[in-house]
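Here's a quick tour for anyone meeting this structure for the first time.

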Amino acid sequence: MSYAGRHESAPTSPAGGVADSSELLAAAQAWVEDDPDEATRAELRDVVDAASAGDEAALADLGDRFAGMLEFGTAGLRGALGAGPNRMNRSVVIRAAAGLTAYLQHSGARRAEPFVVVGFDARTNSDVFARDTAAVVVGAGGRAVVLPRPLPTPVLAYAIRHLGADAGVMVTASHNPPQDNGYKVYLGDGSQIVSPSDVGIAAEIARVDRVADVPLPDDGWDTLDDEVLESYLREVTGVVSADSPRDLVVVHTALHGVGSETVARAFEAAGYAAPLPVPSQAQPDPAFPTVSFPNPEEPGAMDAALELAEQTGPDVVIANDPDADRCAVAVPGPGGWRMLRGDEVGVLLGAHLLDRGVGDGDVFANSIVSSRMLATVCRARGVAHEETLTGFKWISRVPGLRYGYEEALGYCVDPERVRDKDGVSAALVVAEIAASLKAEGRSVTDRLDELAVEHGVHATDAFSVRVQDLSLIDTIMAQLRAEPMSSVAGVEVSRVDDLAAGDGGLPPTEGLRWFLADDSRVIVRPSGTEPKLKVYLEVIEPVDGDDLGGARSRAAERLAAIRADLEALTVP
């Protein structure tokens with residue numbers, strides 16, 4: 001997580017924050033003096049002045065800014081922009097870059113001078129943080145190259161292996177709110193960091209006492225031309241068959257992110273018509289003016305795209321999140337346009353790749369919180385399937401991975417080139433599926449119905465409990481452990497896995513999982529990137545003959561009953 005950490009250079013209380021107001025003011029003044037950015041220096045000075053004058057709100061604000069150093073973990077860094085150690089700013093980024101570079105130097109990198117490639121999206125200060133990262137690497141004796149302009153995260157993930165780098169950094173907060181930014185770290189295999197790398201990097205970051213002591217040259221790194229992007233675009237077309245149909249009309253939204261150009265060029269390179277862009281959301285804009293939350297899963301985020309679909313009548317709507325590593329899909333139906341759940345897209349892609357054929361040793365995978373339907377399909381085909389912890393840092397490391405997905409709209413359809421979720425290549429495979437079905441006079445909905453009839457209705461749902469006080473999450477988890485559920489929605493609990501203890505055969509992670517006697521499943525876990533508790537639900541309802549509608553209705557009823565019970569237990 002990236003919300004509550006420890007600021008090692010300031011006096012702290014047992015909870016990790018600064019001990020009292022005098023020490024808080026002293027720590028803030030020291031931070032101001034060490035901050036290389038005039039804008040955040042001025043911001044923090046104003047807060048310090050107000051707090052010194054007795055403004056309680058300013059003192060509370062200062063306390064939050066110094067509650068701890070923004071924690072570096074397997075998600076890298078992610079948090080609100082602003083001054084202070086518990087915010088995203090140049091001081092925090094420079095420390096992170098210095099820690100990463102030192103880790104590479106001390107952990108047996110492939111060369112004496114570590115080579116780091118840096119990418120960035122179009123969020124506020126992403127380019128500044130990218131430049132600072134490159135400067136730190138060069139100042140420490142390494143080599144750094146920076147992508148030429150704001151580009152999708154998958155291009156950075158591709159560039160690491162394409163260029164033979166020791167590590168990669170992507171400055172992005174993905175689908176977080178506009179006021180956030182983040183710092184995602186990959187190692188030389190092109191995968192996101194996992195433990196113990198995150199612990200090692202965090203330890204090196206903690207050794208950085210003052211930013212003023214970190215060498216920060218004005219030049220020495222290289223800014224790449226478009227060669228990496230052109231190579232990515234050439235290779236990404238390999239995810240679709242050369243002889244599959246290409247007659248397809250697509251509406252696409254980038255949600256004010258960096259995906260528009262890359263997606264359009266990828267479609268054209270693969271032989272499809274360029275998607276119809278949503279004009280109000282096609283250009284990068286860090287203010288995200290048309291959406292309150294730039295995540296395709298959030299209510300209202302897809303309204304503009306679906307409105308354009310109603311006007312133009314495309315075959316499918318595709319959306320990317322702001323850094324284009326996620327892919328959302330909407331399809332037409334009797335009641336109008338419908339957003340597919342991430343699990344529906346996940347099994348649709350997986351079944352399609354299985355239909356195209358797999359090699360010996362190929363493995364399909366999905367995260368623990370995703371539907372079990374892909375595992376069922378793989379079992380029916382005699383293909384290996386693995387379940388992993390949440391996040392592509394785990395999915396991408398499955399040996400022999402051919403395809404992996406997680407329900408939060410993340411799909412890896414081409415792990416040989418991008419060992420991470422990739423919303424661009426996923427969009428191409430969605431296009432191939434839709435175009436192939438269209439040529440047969442069928443639809444995406446028809447294919448999902450066929451899979452449900454063959455393998456059973458796997459109905460999923462999820463909800464989040466957002467909190468201002470992170471301790472509430474610990475309280476809820478403790479209560480669920482102290483007072484274990486014996487039944488849910490009137491169905492007996494047959495098995496409980498405490499994921500923190502490693503139950504279920506996975507590495508320990510905070511969370512609980514319940515299986516019910518009717519094979520329903522419930523998972524509760526804290527988010528790794530946002531201040532919220534997430535609850536995941538799944539029921540499985542077999543289809544008797546051609547009674548698909550009845551099976552779906554029964555599954556929906558069971559799912560609603562389970563959700564009602566879990567909301568009563570988890571919503572404060």
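## A helix across a sheet

This is a predicted model. Start with helix H5 (residues 126-139), which lies across strand E2 (115-120), E3, strand E4 (167-171) and strand E5 (180-187). H5 runs at about 175 degrees to E2.

Those strands belong to an open sheet of six, in the order E1-E5-E4-E2-E3-E6, with mixed pairing. At its edges sit strand E1 (77-80) and strand E6 (222-223), each of which pairs on one side only. E6 runs parallel to strand E3 (residues 143-146), and two bridges join them. If you want to find that pairing, look for Val146, whose bridge partner in E6 is Thr223.

The crossing of H2 and H3 is left-handed.

Which residues do the touching? On the H2 side they are Glu43, Leu44, Val47, Val48, Ala50 and Ala51, and these meet Ala58, Leu59, Asp61, Leu62 and Arg65 in H3. Sorted by type, the residues of this contact are eight nonpolar, no polar and three charged.

## A covered strand and its neighbours

Now jump to strand E20 (residues 521-526), where six of its six residues are buried. Both faces are covered: Arg521, Ile523 and Arg525 are buried on one side, and Val522, Val524 and Pro526 on the other.

| Pair | Bridges | Direction |
|---|---|---|
| strand E19 (residues 512-516) and E20 | four bridges | antiparallel |
| E20 and strand E21 (residues 532-541) | six bridges | antiparallel |

## One tyrosine on the inside

Is Tyr403 buried or exposed? Tyr403, which lies in strand E14 (residues 401-406), has 0% relative accessibility and so counts as buried. Leaving out residues up to four places away in sequence, Tyr403 touches a list of residues including Val345, Gly346, Leu349, Phe364, Leu374, Tyr411 and Cys412. The C-alpha atoms of Tyr403 and Ser520 are 25 Å apart, with the two residues 117 apart along the chain.

Notes: Residues numbered from 1 in each chain as written. Predicted model: local features only at pLDDT ≥ 70, side-chain atom pairs only at ≥ 80, totals over all residues. Heavy atoms only, no water. Left-handed = near helix turned anticlockwise from the far one by under 90°. Contact = heavy atoms within 4.5 Å. Nonpolar A, V, L, I, M, F, W, Y, C, P; charged D, E, K, R; others polar. Pairing = 2+ DSSP bridges. Axes fitted to C-alpha atoms, helices over the stretch in contact; angles between N-to-C directions. Buried < 20%, exposed > 50% of the residue type's maximum accessible area, 1.4 Å probe, protein only.
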